[in-house]
Amino acid sequence: MFDLEALRRFGANVEDGLNTCVNNEEFYLKMVRKAVADASFDRLEKAVEGKDLDEAFEAAHALKGALGNLAITPILEPVVEMTEHLRGREDMDYGPYLKTILDKKKELEEIVNADV
Amino acid sequence: MKEFGYSGKNRRRVLIVDDEEINRLILGRMIAEKYDPEYAENGEKALELLQDPSKRYSLILLDLWMPVMDGFDLLGRIRSDEELSNIPVIVMTSEKAAEARSIKLGADDFISKPYRSPEVIKARCDRIIQLYENRKILRSAEKDTLTGLYTREFFNEYIIQIDTFDSQMDMDALVLNIEHFHMVNEMYGRSMGDKVLGCVGEILRELFGDSVFIACRPDADYFYMYISHRDDYDTVFARFNSELSAVTDIPVIRYRVGIYEHVEKSNTIEERIDHAKLACDGVRGDYTKPISFYSKELHEVDLYHERLVHDIDEAIFNRDLIVYYQPKYDITGDTPRLRSAEALIRWKHPELGMISPGDFIPLFENNGLIQKLDHYVWAEAALQVRKWKVRHGISIPVSVNVSRVDIYDPDLKNRLSSIVKENKLTTDELMLEITESAYADDAKALIEVVEQLRGMGFKIEMDDFGSGYSSLNMITTIPIDVLKMDMKFIRNMNRDEKSLKMVELVIDIAKFLKVPVVAEGVEDASQVETLKGMGCDVIQGYYFSKPVMPQEFEEFIIEEVRRRKKAEKK
């Protein structure tokens, strides 16, 4: 069942996320559902594949903001690191970052959809 | 006072601009308790909403990194737009570098990402909205809508700022007045009047654009200015003149300017303006010289006048105002006969000594206080006529002055009538002198009042006849009983052909009107002879006597009683 406890087990900083969502549990969970469906994940994946660093930065930056507010730490941490590399448009292999991010996102997706 | 942020149905609208929906919704949820959030996912969409005239936003919460149009771009556009720049902007960012850039572009505050303290965010939104709304109220109170100049309160505030932050700056205070502005309103209509005032504001701003310049319109047709010192006011105001006429299409708009140069900073703002105003009012009516500068002498005269105005009530109460009497002699027969007297006021000030009527009469004529003086003289003179009558058995009528301001007093007839009654006199024993300048003011009113007074039995003397510009026109329309010719002509008649001709002319006019003519200011026997030869009826002047105290005047009465008795015996 998708609830605060499940999010906590996943590694999210539920207290912070809930606080940002004015302590409204229902609203917080709704926002987390939205986060896993966020189009920026796709944008980031495509941009990295196409080596479009500008686009990749924008997508990573957008994800950073949303995940940061919701305090979904396991995905937020690699996104933050990746964003900083992308900010300098560093020519590096972003594949491992992307993989961690997408794996964690998939994991969260399963948690979110557990009760569906 | 309503609590800020709650205004019933019309809640304030806040625009949240962020490309990330989750962030938009979270912020929206945070502020929804107090405000109506609206959303835009990039700068372009935000601009569309902001330009919708049906919507008014109280705050913009702006993300910086967005596709299509980013936050920096939008912020720049907002701050360069006159309307939109009145909306506060709070930038949401997690980067220090972006903070500096956005504050340069005009951001008002920052919210750090992630949004961990909803209470702080809400409080910051409240504070910035309140700040802007207060500023807007202040700004709307700052300017006079007609002229675009400051209101009086803000004018003072900005002078204080200059005093505080630029205390060494050499400043001038100016007061400008549009003369007879009510005539512009009457002749061209109110909207033209407003246009003129608006143009004055605009032209002044333009002419003094190269100076430190603060101006306001404290009321109606007065403008106050505070300007960094300059030496070219003559040139500047010549330009003011031509530009004002050109813009308004009114050929001549008369104005006057008083300038207090190099203001003394130890003076209060009020005093600085008062000095300029004093200089301005000093040039009233002098169309050849619209600019006047304040000086110490001007100030001393002003202080002296203030003192006189201040002391007048006490002077009346303490009887420091003394009525003197100058005899008027009928010279139509072989021996001059005392016919009447003129009441003339003297002020014996306990500290300033004798004050010349020339110092206080024009002053009181200007400020209306002359009415008090007139009332005092009427009562004193009537009482004196009665005393003489009782004591010597003959009536010596006394002429008193009726000033312009008295003419318009609805109580004039009652007052004169009761003074006469109280002293058991007849109305022809108190003669009323009016000057022809009253005619120039409002001929119709003057004629009406004069007719009523004559109807009551009062005799009207036209004083200073020939000195004004309306003499001939007036004399045919206004009913009078005596003509007093201007003493200038008498004074010059034996050495100046023109004056002599004028005297002749006035005497002829009096004959034509079948009224006696009085010559004032007659000083020597040759003048008496000339006047007598011309057919002048009555003479007043030093030849017979200077104005004297009532006790001294009694000698003339005793002499007249003696003469009459003698004549009777014959």
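Colleague: In which sense do strand 9 and strand 10 of chain B pair?
Modeller: Please note that this is a predicted model. Strand 9 of chain B covers residues 255–260 and is joined to strand 10 of chain B over three bridges. Within this pair, I259(B) has F293(B) of strand 10 as its bridge partner. The sense of the pairing is parallel.

Colleague: What is the order of the five strands in the open sheet of chain B?
Modeller: The pairing in this open sheet is mixed. Strand 7 (213–219) and strand 10 (291–293) of chain B each have a single partner strand, so one side of each is left without a neighbour in the sheet. Neighbouring strands are turned by 20 degrees against each other on average, direction ignored. The order of the strands is 7-8-6-9-10.

Colleague: Which strands of chain B does helix 10 of chain B touch?
Modeller: Helix 10 of chain B spans residues 269–282 and packs on the sheet. Its direction makes about 140 degrees with that of strand 9 of chain B. The strands touched are strand 6, strand 8, strand 9 and strand 10 of chain B.

Colleague: At about what angle does helix 6 of chain B run to strand 7 of chain B?
Modeller: Helix 6 of chain B comprises residues 152–165. This helix lies across strand 6 (171–178), strand 7 and strand 8 (222–228) of chain B. Its angle to strand 7 of chain B is about 150 degrees.

Colleague: How are helix 6 and helix 10 of chain B oriented to each other?
Modeller: The axes of helix 6 and helix 10 of chain B come within 11 Å and cross at roughly 110 degrees. An angle of 65 to 115 degrees counts as roughly perpendicular. Helix 6 of chain B is therefore, relative to helix 10 of chain B, roughly perpendicular.

Colleague: How many nonpolar, polar and charged residues are in the contact of helix 6 with helix 10 of chain B?
Modeller: Helix 6 of chain B contributes R152(B), F155(B), N156(B), I159(B), I160(B) and D163(B). Facing them in helix 10 of chain B are I269(B), E270(B), R272(B) and I273(B). By class, the residues of this contact are five nonpolar, one polar and four charged.

Colleague: Which residues of helix 11 of chain B make the contact with helix 10 of chain B?
Modeller: Helix 11 of chain B consists of residues 296–317, and its axis comes within 10 Å of that of helix 10 of chain B, crossing at roughly 90 degrees. This makes the two helices roughly perpendicular. From helix 10 of chain B, the contact involves H275(B), L278(B) and A279(B). From helix 11 of chain B, the residues are L298(B), H299(B) and D302(B).

Colleague: How many residues of strand 11 of chain B are buried?
Modeller: Strand 11 of chain B takes in residues 321–330. L321(B), V323(B), Y325(B), P327(B) and Y329(B) point one way, while I322(B), Y324(B), Q326(B), K328(B) and D330(B) point the other way, and all are buried.

Colleague: Which residue of strand 19 of chain B is the bridge partner of Y329(B)?
Modeller: Strand 11 of chain B runs antiparallel to strand 12 (residues 337–349) of chain B, with ten bridges between them, and a hairpin of six residues joins these two strands. In strand 12 of chain B, P327(B) has A341(B) as its bridge partner. Strand 11 of chain B is also joined by three bridges to strand 19 (residues 538–540) of chain B, again antiparallel. There, the bridge partner of Y329(B) is I539(B).

Colleague: How many helices and strands does chain A have?
Modeller: From the N terminus on, the elements of chain A run α-α-α-α-α-α-α. Buried residues make up 48% of the 116 residues in chain A. The secondary structure comes to seven helices and zero strands.

Colleague: Is A525(B) buried, partly exposed or exposed?
Modeller: A525(B) is found in helix 21 (residues 525–534) of chain B. Its relative accessibility is 41%, whereas buried means under 20% and exposed over 50%. A525(B) therefore counts as partly exposed.

Conventions: Residues numbered from 1 in each chain as written. Chains lettered and ligands numbered in written order. Predicted model: local features only at pLDDT ≥ 70, side-chain atom pairs only at ≥ 80, totals over all residues. Heavy atoms only, no water. Pairing = 2+ DSSP bridges. Helix = DSSP H or I, 4+ residues; strand = E, 2+ residues; numbered from the N terminus. Axes fitted to C-alpha atoms, helices over the stretch in contact; angles between N-to-C directions. Contact = heavy atoms within 4.5 Å. Parallel < 35°, antiparallel > 145°, perpendicular 65-115°, else oblique. Nonpolar A, V, L, I, M, F, W, Y, C, P; charged D, E, K, R; others polar. Buried < 20%, exposed > 50% of the residue type's maximum accessible area, 1.4 Å probe, protein only.
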